[in-house]
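This report describes one protein structure in plain terms. Please look at the sequence and the model first.

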Amino acid sequence: MKVISKFLFIVLILSSVVVFPSTAFAKTDQYGYDARARTFKGTLDNWEAFLEGSLPTPFKWKQTDTVFIERNWDKSFDPMVQGKPPLAPGAWQKVKSWEYLSGDQLGWTWHEELDIIYSPNAPIPGAIALTPEEILFTGFYLVKDKEWSVGPNGEESTDEDLSVNRKVIKRILKFSK
C-alpha cells in the first residue's frame, strides 16, 4: 500500500508539471505559486486546485493530515510547464513534501525529498530512470529520493534514501552534451 501511494504521489508531482495551465500565471499568489522564482509552496490540495482552476483551500501551516509541498526548478525546466521537453540536459526540479501526522502518530512528521534531472543523451548511473508515463518524456532521472519521519522527541526513522553522487551527475552531463 505504501509503495503504491508513494508511486502515485511521484507520478502526480512529476506529471502535474506538464499540465500546468500557463494562462493562470497571473492568479497564483493565493495558491503558493511564484512564476518568476519558479517555485510553489503550499498544500498538495492547493497545487491540485491550481492545476484544475478551482479555488484554493485555506490552511494553517501546522495543521495535521495535510500534505505540504515545496517545489522549485531551473529555467531550463520551464518548458515542461507547456508540455514541452526541457531546454537542455541538466534541467532540474526539486520537490520537498511533509505531513504532520495525527492519531497514533501524533507528534510525528513525515518528510520526502525528490530531485529530478534531465539527461536525454546518457543514463545517470545509480539513478532511477523515470518513464514517459511518469513525466511524459524519456531522459529524466530521479537522483534523490529520501523519505523519513521525525518524532516528537527528535527521533528519526529513515524509510528510504537514494542519493546519487553529484560528481557523477556533473561528469555524465558534461560528456553527454
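Arg-38 is placed in the loop between β1 (33-34) and β2 (39-43). Helices (H or I, at least four residues) and strands (E, at least two) are DSSP runs, numbered from the N terminus. Arg-38 is not a glycine, yet has a positive phi of about 55°. Most residues other than glycine have a negative phi. With 22% relative accessibility, Arg-38 counts as partly exposed. Buried means under 20% relative accessible area, exposed over 50%, and partly exposed in between (1.4 Å probe, protein chains only).

Leu-136 lies in the loop between α3 (132-135) and β7. Leu-136 also has a positive phi, of about 80°, although it is not a glycine. Its relative accessibility is 48%, and Leu-136 counts as partly exposed.

## Source of the model

The model is predicted: local features need pLDDT of at least 70 and side-chain atom pairs count only at pLDDT 80 or more, while totals for chains, interfaces and linings use all residues. Residues are numbered from 1 along each chain as its sequence is written, and side-chain values use heavy atoms, with hydrogens and water left out.

## The chain as a whole

The protein chain has four helices and eight strands. Along the sequence they follow the pattern α-β-β-α-β-β-β-β-α-β-β-α. Of the 177 residues in the protein chain, 43% are buried.

Contact means heavy atoms within 4.5 Å. Among contacts in the protein chain between residues at least 6 apart in sequence, 59% join residues at least 24 apart. The accessible surface of the protein chain is about 9,800 Å², and 54% of that surface belongs to carbon and sulfur atoms. Accessible areas come from the Shrake-Rupley method with a 1.4 Å probe; for residues, only the protein chains shown count as cover.

## Paired strands

Two strands pair if DSSP finds at least two bridges between them. Strand β3 (residues 67-73) pairs with strand β4 (residues 92-100) in the antiparallel sense, over seven bridges. Ile-69 has Ser-97 in β4 as its bridge partner.

Strand β4 is also joined to strand β5 (residues 109-118) by nine bridges, and these two run antiparallel. Here Tyr-100 stands opposite Thr-109 in β5.

## Aromatic rings

The structure holds nine aromatic pairs. Rings of Phe, Tyr and Trp (its six-membered ring) pair if their centres lie within 6.5 Å; planes under 30 degrees apart count as stacked, over 60 as edge-to-face and the rest as tilted. Phe-59 and Trp-61 form an edge-to-face pair, with 4.9 Å centre to centre and 85° between the planes. Phe-59 is partly exposed, with a relative accessible area of 26%, and Trp-61 is partly exposed, with 39%. Tyr-118 and Phe-140 form a tilted pair, 4.9 Å centre to centre with 40° between the planes. Tyr-118 lies in strand β5 and Phe-140 in strand β7 (residues 140-150), so this pair ties together parts that are 22 residues apart in sequence. Tyr-118 is buried at a relative accessible area of 10%, and Phe-140 is buried at 0%.

One aromatic cluster is formed by Phe-59, Trp-61, Phe-68, Trp-98 and Tyr-100.

## Charges over rings

A charge sits over a ring if NZ of Lys or CZ of Arg is within 6 Å of the ring centre and within 35 degrees of the ring normal. The charged end of Lys-41 sits over the ring of Trp-61, 5.5 Å from its centre. Lys-94 lies over the face of Trp-92, at 5.7 Å from the ring centre.
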